[in-house]
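Here are a few exercises to work through with the sequence and the 3D view open. Try each task yourself before you read its solution.

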Amino acid sequence: MSNLSVIAGKSSEDLARKLSKKIKANLVKSEIRTFPDGESKITLKGNLSKKKSIVVQSIYPPVDTNLIQALSLISKAKETSSKVIAVIPYMGYARQDREFLIGEIITMKVLAKLFKGAGASEIIVVDIHSKFGLKYFTIKSKNVTAIPDLVKYFKKLSLKKPLVISPDQGGKERTKEFAKIFGSEYIILEKKRNRKTGKVQIKTKNADEVAGRDIILVDDMISTGGSIINATQFLKKQKCRRVYVACTHALLMNDAANKIKKAGVANIISTNTIPGKTSIVDVSNTIAKIII
Ligand code: R5P
(Lines give C-alpha, C1' and ligand atoms only; values in the text may rest on other atoms or scores of the structure.)
Protein backbone atom coordinates (compact mmCIF):
# COMPACT_ATOMS: atom_id res chain seq x y z
CA MET A 1 0.00 0.00 0.00
CA SER A 2 1.37 3.39 -1.07
CA ASN A 3 1.44 5.93 1.74
CA LEU A 4 -0.58 8.27 -0.45
CA SER A 5 -4.11 7.68 -1.76
CA VAL A 6 -6.05 9.66 -4.35
CA ILE A 7 -9.80 9.31 -4.02
CA ALA A 8 -11.55 9.95 -7.31
CA GLY A 9 -14.83 11.78 -6.81
CA LYS A 10 -17.37 11.12 -9.59
CA SER A 11 -17.09 14.67 -10.98
CA SER A 12 -13.30 14.45 -11.41
CA GLU A 13 -12.57 10.79 -12.23
CA ASP A 14 -10.23 11.37 -15.17
CA LEU A 15 -8.31 14.20 -13.52
CA ALA A 16 -7.92 12.14 -10.31
CA ARG A 17 -6.58 9.19 -12.31
CA LYS A 18 -4.04 11.40 -14.09
CA LEU A 19 -3.02 13.03 -10.79
CA SER A 20 -2.58 9.67 -9.03
CA LYS A 21 -0.18 8.53 -11.79
CA LYS A 22 1.85 11.72 -11.58
CA ILE A 23 2.27 11.59 -7.80
CA LYS A 24 2.55 7.77 -7.71
CA ALA A 25 -0.42 7.39 -5.40
CA ASN A 26 -2.85 4.56 -4.99
CA LEU A 27 -6.11 5.41 -6.86
CA VAL A 28 -9.34 4.70 -5.01
CA LYS A 29 -12.53 5.01 -7.03
CA SER A 30 -15.92 5.90 -5.63
CA GLU A 31 -19.13 4.24 -6.67
CA ILE A 32 -22.32 6.32 -6.59
CA ARG A 33 -25.89 5.17 -6.39
CA THR A 34 -28.57 7.84 -6.55
CA PHE A 35 -31.72 7.16 -4.59
CA PRO A 36 -35.11 8.13 -6.11
CA ASP A 37 -35.23 11.21 -3.85
CA GLY A 38 -31.86 12.41 -5.18
CA GLU A 39 -29.66 11.38 -2.25
CA SER A 40 -26.21 10.05 -3.16
CA LYS A 41 -25.00 6.77 -1.70
CA ILE A 42 -21.24 6.60 -2.03
CA THR A 43 -19.05 3.53 -1.65
CA LEU A 44 -15.26 3.65 -1.75
CA LYS A 45 -13.73 0.90 -3.88
CA GLY A 46 -10.36 0.31 -2.25
CA ASN A 47 -8.23 0.77 0.83
CA LEU A 48 -6.91 4.13 1.94
CA SER A 49 -3.49 5.16 3.13
CA LYS A 50 -3.28 5.66 6.89
CA LYS A 51 -1.03 8.63 6.28
CA LYS A 52 -2.50 10.85 3.59
CA SER A 53 -5.53 10.88 1.28
CA ILE A 54 -6.30 13.35 -1.45
CA VAL A 55 -9.95 13.76 -2.42
CA VAL A 56 -10.42 15.11 -5.96
CA GLN A 57 -13.90 16.43 -6.72
CA SER A 58 -14.92 19.52 -8.70
CA ILE A 59 -18.07 21.33 -7.66
CA TYR A 60 -19.82 21.99 -10.96
CA PRO A 61 -23.52 21.27 -11.67
CA PRO A 62 -25.28 19.56 -10.03
CA VAL A 63 -23.42 21.81 -7.59
CA ASP A 64 -25.08 20.78 -4.32
CA THR A 65 -24.83 17.07 -5.16
CA ASN A 66 -21.14 17.36 -6.04
CA LEU A 67 -20.54 19.39 -2.90
CA ILE A 68 -22.13 16.85 -0.55
CA GLN A 69 -20.22 14.07 -2.33
CA ALA A 70 -16.94 15.97 -1.80
CA LEU A 71 -17.71 16.46 1.90
CA SER A 72 -18.77 12.83 2.32
CA LEU A 73 -15.55 11.56 0.70
CA ILE A 74 -13.45 13.81 2.95
CA SER A 75 -15.34 12.65 6.02
CA LYS A 76 -14.87 8.98 5.08
CA ALA A 77 -11.17 9.49 4.26
CA LYS A 78 -10.58 11.11 7.64
CA GLU A 79 -11.71 7.88 9.36
CA THR A 80 -8.54 6.20 8.00
CA SER A 81 -6.03 8.84 6.95
CA SER A 82 -4.49 11.23 9.43
CA LYS A 83 -4.22 13.94 6.76
CA VAL A 84 -6.86 14.65 4.13
CA ILE A 85 -6.25 17.11 1.32
CA ALA A 86 -9.30 18.36 -0.59
CA VAL A 87 -8.46 19.09 -4.22
CA ILE A 88 -11.42 21.02 -5.60
CA PRO A 89 -10.32 21.90 -9.16
CA TYR A 90 -13.45 23.96 -9.82
CA MET A 91 -14.79 25.54 -6.66
CA GLY A 92 -18.50 26.17 -7.08
CA TYR A 93 -20.01 28.93 -4.93
CA ALA A 94 -16.75 30.91 -5.12
CA ARG A 95 -18.42 33.90 -6.75
CA GLN A 96 -20.46 34.48 -3.60
CA ASP A 97 -17.52 35.69 -1.56
CA ARG A 98 -18.89 39.04 -0.37
CA GLU A 99 -22.18 40.46 0.85
CA PHE A 100 -22.87 42.56 -2.26
CA LEU A 101 -26.46 43.36 -1.24
CA ILE A 102 -27.64 43.42 2.38
CA GLY A 103 -28.90 40.02 3.54
CA GLU A 104 -26.94 37.99 1.01
CA ILE A 105 -25.12 34.96 2.41
CA ILE A 106 -21.39 34.60 1.79
CA THR A 107 -21.34 30.98 0.66
CA MET A 108 -17.55 30.81 0.81
CA LYS A 109 -17.82 31.39 4.55
CA VAL A 110 -20.22 28.45 4.81
CA LEU A 111 -17.99 26.23 2.66
CA ALA A 112 -14.96 27.05 4.78
CA LYS A 113 -16.76 25.70 7.85
CA LEU A 114 -18.06 22.63 6.00
CA PHE A 115 -14.68 21.54 4.59
CA LYS A 116 -12.99 21.92 7.96
CA GLY A 117 -15.85 20.19 9.76
CA ALA A 118 -15.75 17.25 7.33
CA GLY A 119 -12.07 16.68 8.14
CA ALA A 120 -10.00 18.39 5.44
CA SER A 121 -6.68 19.69 6.71
CA GLU A 122 -5.85 21.49 3.49
CA ILE A 123 -7.69 22.67 0.38
CA ILE A 124 -6.28 23.15 -3.12
CA VAL A 125 -8.26 24.96 -5.82
CA VAL A 126 -7.49 25.96 -9.40
CA ASP A 127 -7.98 29.55 -10.57
CA ILE A 128 -10.56 30.42 -7.96
CA HIS A 129 -12.82 33.29 -8.99
CA SER A 130 -11.10 35.55 -6.46
CA LYS A 131 -8.45 34.65 -3.90
CA PHE A 132 -10.45 36.78 -1.48
CA GLY A 133 -12.84 33.82 -1.05
CA LEU A 134 -10.07 31.71 0.48
CA LYS A 135 -9.61 34.10 3.38
CA TYR A 136 -12.59 32.49 5.13
CA PHE A 137 -10.76 29.15 5.35
CA THR A 138 -8.98 28.45 8.63
CA ILE A 139 -7.34 25.32 7.21
CA LYS A 140 -4.36 25.70 4.84
CA SER A 141 -5.55 26.82 1.40
CA LYS A 142 -3.75 27.10 -1.93
CA ASN A 143 -4.82 28.40 -5.31
CA VAL A 144 -2.91 27.15 -8.34
CA THR A 145 -3.20 28.68 -11.76
CA ALA A 146 -3.85 26.94 -15.06
CA ILE A 147 -2.74 30.00 -17.04
CA PRO A 148 0.69 28.55 -18.02
CA ASP A 149 -1.06 25.36 -19.23
CA LEU A 150 -3.51 27.39 -21.33
CA VAL A 151 -0.70 29.54 -22.75
CA LYS A 152 1.18 26.40 -23.81
CA TYR A 153 -1.80 25.46 -25.99
CA PHE A 154 -2.16 28.92 -27.53
CA LYS A 155 1.54 29.09 -28.36
CA LYS A 156 0.97 26.26 -30.82
CA LEU A 157 -1.60 28.27 -32.84
CA SER A 158 -0.53 30.65 -35.56
CA LEU A 159 -2.28 33.87 -34.65
CA LYS A 160 -2.13 37.22 -36.41
CA LYS A 161 -0.89 40.10 -34.22
CA PRO A 162 -2.44 38.46 -31.13
CA LEU A 163 -3.86 40.63 -28.39
CA VAL A 164 -4.86 39.23 -24.99
CA ILE A 165 -8.01 40.75 -23.48
CA SER A 166 -9.82 40.49 -20.17
CA PRO A 167 -13.60 40.90 -20.46
CA ASP A 168 -13.63 42.73 -17.12
CA GLN A 169 -11.51 44.49 -14.48
CA GLY A 170 -11.71 41.48 -12.15
CA GLY A 171 -9.68 39.39 -14.60
CA LYS A 172 -6.83 41.90 -14.88
CA GLU A 173 -4.11 39.94 -13.03
CA ARG A 174 -5.00 36.69 -14.80
CA THR A 175 -4.89 38.36 -18.22
CA LYS A 176 -1.68 40.21 -17.41
CA GLU A 177 -0.05 36.90 -16.46
CA PHE A 178 -1.32 35.20 -19.63
CA ALA A 179 0.04 38.03 -21.81
CA LYS A 180 3.39 38.00 -20.00
CA ILE A 181 3.96 34.25 -20.53
CA PHE A 182 2.46 34.35 -24.03
CA GLY A 183 4.60 37.35 -24.92
CA SER A 184 2.03 39.84 -26.17
CA GLU A 185 0.18 43.00 -25.17
CA TYR A 186 -3.06 42.98 -23.23
CA ILE A 187 -6.03 45.26 -22.58
CA ILE A 188 -8.87 45.19 -20.04
CA LEU A 189 -12.50 45.83 -20.94
CA GLU A 190 -14.92 47.35 -18.48
CA LYS A 191 -17.89 45.12 -17.77
CA LYS A 192 -20.86 46.32 -15.74
CA ARG A 193 -23.17 43.69 -14.25
CA ASN A 194 -26.58 44.63 -12.89
CA ARG A 195 -26.55 42.89 -9.50
CA LYS A 196 -30.34 42.49 -9.53
CA THR A 197 -30.97 41.24 -13.08
CA GLY A 198 -27.50 39.75 -13.70
CA LYS A 199 -27.36 41.50 -17.14
CA VAL A 200 -23.90 42.51 -18.34
CA GLN A 201 -22.87 45.46 -20.47
CA ILE A 202 -19.47 46.51 -21.88
CA LYS A 203 -18.73 50.14 -21.17
CA THR A 204 -15.28 50.68 -22.71
CA LYS A 205 -15.31 52.58 -26.00
CA ASN A 206 -11.63 53.04 -26.72
CA ALA A 207 -10.45 49.60 -27.75
CA ASP A 208 -9.32 50.81 -31.21
CA GLU A 209 -6.13 48.78 -31.07
CA VAL A 210 -8.08 45.54 -31.66
CA ALA A 211 -8.74 46.17 -35.39
CA GLY A 212 -7.29 43.45 -37.63
CA ARG A 213 -5.87 41.45 -34.72
CA ASP A 214 -6.58 37.96 -33.42
CA ILE A 215 -7.95 38.16 -29.89
CA ILE A 216 -7.56 35.80 -26.94
CA LEU A 217 -10.23 36.52 -24.35
CA VAL A 218 -9.05 35.22 -20.98
CA ASP A 219 -11.52 34.41 -18.21
CA ASP A 220 -11.60 32.21 -15.12
CA MET A 221 -14.94 30.68 -16.04
CA ILE A 222 -17.82 30.67 -18.50
CA SER A 223 -21.26 30.04 -17.10
CA THR A 224 -24.09 31.46 -19.25
CA GLY A 225 -21.59 32.89 -21.73
CA GLY A 226 -22.97 36.40 -21.20
CA SER A 227 -19.60 38.00 -20.40
CA ILE A 228 -17.84 36.41 -23.38
CA ILE A 229 -20.71 37.17 -25.79
CA ASN A 230 -20.84 40.83 -24.76
CA ALA A 231 -17.08 41.19 -25.07
CA THR A 232 -17.02 39.41 -28.45
CA GLN A 233 -19.84 41.52 -29.89
CA PHE A 234 -18.08 44.65 -28.69
CA LEU A 235 -14.72 43.55 -30.18
CA LYS A 236 -16.28 42.51 -33.49
CA LYS A 237 -17.71 46.03 -33.79
CA GLN A 238 -14.13 47.30 -33.39
CA LYS A 239 -13.24 45.13 -36.42
CA CYS A 240 -11.04 42.58 -34.69
CA ARG A 241 -10.04 39.41 -36.58
CA ARG A 242 -10.71 36.01 -34.93
CA VAL A 243 -11.76 35.71 -31.27
CA TYR A 244 -10.53 32.77 -29.18
CA VAL A 245 -11.46 32.12 -25.58
CA ALA A 246 -9.05 30.75 -23.00
CA CYS A 247 -10.76 29.85 -19.76
CA THR A 248 -10.01 27.53 -16.88
CA HIS A 249 -13.54 26.40 -16.05
CA ALA A 250 -16.09 25.98 -18.85
CA LEU A 251 -19.47 25.36 -17.25
CA LEU A 252 -21.23 26.34 -20.50
CA MET A 253 -24.72 26.20 -19.04
CA ASN A 254 -27.65 25.33 -21.31
CA ASP A 255 -26.83 26.36 -24.89
CA ALA A 256 -24.00 28.76 -23.92
CA ALA A 257 -21.54 27.06 -26.31
CA ASN A 258 -23.82 27.63 -29.32
CA LYS A 259 -24.59 31.21 -28.32
CA ILE A 260 -20.87 31.93 -27.99
CA LYS A 261 -20.18 30.41 -31.42
CA LYS A 262 -23.05 32.47 -32.90
CA ALA A 263 -21.53 35.63 -31.40
CA GLY A 264 -18.44 34.92 -33.53
CA VAL A 265 -16.02 33.07 -31.25
CA ALA A 266 -13.76 30.77 -33.30
CA ASN A 267 -12.90 28.39 -30.47
CA ILE A 268 -13.22 27.94 -26.71
CA ILE A 269 -10.30 26.27 -24.98
CA SER A 270 -10.74 25.22 -21.36
CA THR A 271 -9.16 22.84 -18.85
CA ASN A 272 -10.21 19.50 -17.41
CA THR A 273 -11.24 21.02 -14.06
CA ILE A 274 -14.67 20.59 -15.68
CA PRO A 275 -14.78 17.74 -18.21
CA GLY A 276 -16.46 18.54 -21.51
CA LYS A 277 -16.00 19.14 -25.24
CA THR A 278 -13.81 22.21 -24.76
CA SER A 279 -11.67 20.87 -21.90
CA ILE A 280 -8.55 19.97 -23.84
CA VAL A 281 -5.93 21.39 -21.48
CA ASP A 282 -4.86 19.05 -18.66
CA VAL A 283 -4.08 20.57 -15.25
CA SER A 284 -3.01 17.38 -13.44
CA ASN A 285 0.66 18.28 -13.71
CA THR A 286 0.08 21.71 -12.22
CA ILE A 287 -1.84 20.20 -9.29
CA ALA A 288 0.78 17.45 -8.86
CA LYS A 289 3.57 20.01 -8.56
CA ILE A 290 1.95 21.65 -5.55
CA ILE A 291 1.26 18.33 -3.80
CA ILE A 292 4.71 16.74 -4.17
C1 R5P B 1 -17.05 37.20 -13.59
O2 R5P B 1 -16.60 38.10 -12.93
C3 R5P B 1 -16.32 35.97 -13.99
O4 R5P B 1 -14.93 36.18 -14.08
C5 R5P B 1 -16.85 35.43 -15.29
O6 R5P B 1 -16.57 36.35 -16.33
C7 R5P B 1 -18.34 35.23 -15.21
O8 R5P B 1 -18.68 34.66 -13.99
C9 R5P B 1 -18.81 34.33 -16.33
O10 R5P B 1 -20.21 34.16 -16.21
P11 R5P B 1 -21.14 34.26 -17.48
O12 R5P B 1 -20.59 33.29 -18.50
O13 R5P B 1 -22.50 33.86 -16.99
O14 R5P B 1 -21.09 35.67 -17.96
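**Exercise 1.** Find the helix in which Val110 is found, and work out how Val110 takes part in the surface.

Step 1. Val110 is found in helix H3, residues 107-118; helices here are DSSP runs of H or I with at least four residues, strands are runs of E with at least two, and both are numbered from the N terminus. A word on the ground rules: this is a predicted model, where local features need pLDDT of at least 70, side-chain atom pairs count only at pLDDT 80 or more, and totals for chains, interfaces and linings use all residues. Residues are numbered from 1 along each chain as its sequence is written, and side-chain values use heavy atoms, with hydrogens and water left out.

Step 2. Check the exposure of Val110: its relative accessible area is 35%, so Val110 is partly exposed (buried is under 20%, exposed over 50%, partly exposed in between, with a 1.4 Å probe and protein chains only).

Step 3. Together with Ile105 and Leu114, Val110 makes a nonpolar surface patch of about 250 Å². Patch residues have over 30% relative accessible area and no salt bridge; like charges are joined within 9 Å, and nonpolar side chains (Val, Leu, Ile, Met, Phe, Trp, Tyr) within 5 Å.

**Exercise 2.** Describe the largest nonpolar core and the place of Phe137 in the contacts.

Step 1. A nonpolar core is a set of buried Ala, Val, Leu, Ile, Met, Phe, Trp, Tyr and Cys residues joined through side-chain atoms within 4.5 Å. The largest one has 31 residues, and Ile88, Met91, Met108, Phe115, Ile123 and Phe137 touch the most other members.

Step 2. Helix H2 (63-80), strand E5 (83-88), H3 and strand E6 (122-126) each give two or more residues to this core. The largest share, 6 residues, comes from H2.

Step 3. Leaving aside residues up to four places away in sequence, Phe137 touches Met91, Met108, Leu111, Ala112, Phe115 and Ile123; contact means heavy atoms within 4.5 Å.

Step 4. Another core lies apart from this one, with 25 residues, among them Val210, Ile215, Phe234 and Ala263.

**Exercise 3.** Is Ser5 buried or exposed, and what does Ser5 touch?

Step 1. Look in strand E1, residues 4-8, for Ser5.

Step 2. With a relative accessible area of 0%, Ser5 is buried.

Step 3. Its contacts, not counting residues up to four places away in sequence, include Ala25, Asn26, Asn47 and Leu48.

Definitions and conventions:
Accessible areas come from the Shrake-Rupley method with a 1.4 Å probe; for residues, only the protein chains shown count as cover. A salt bridge is a side-chain nitrogen of Lys or Arg within 4 Å of a carboxyl oxygen of Asp or Glu.
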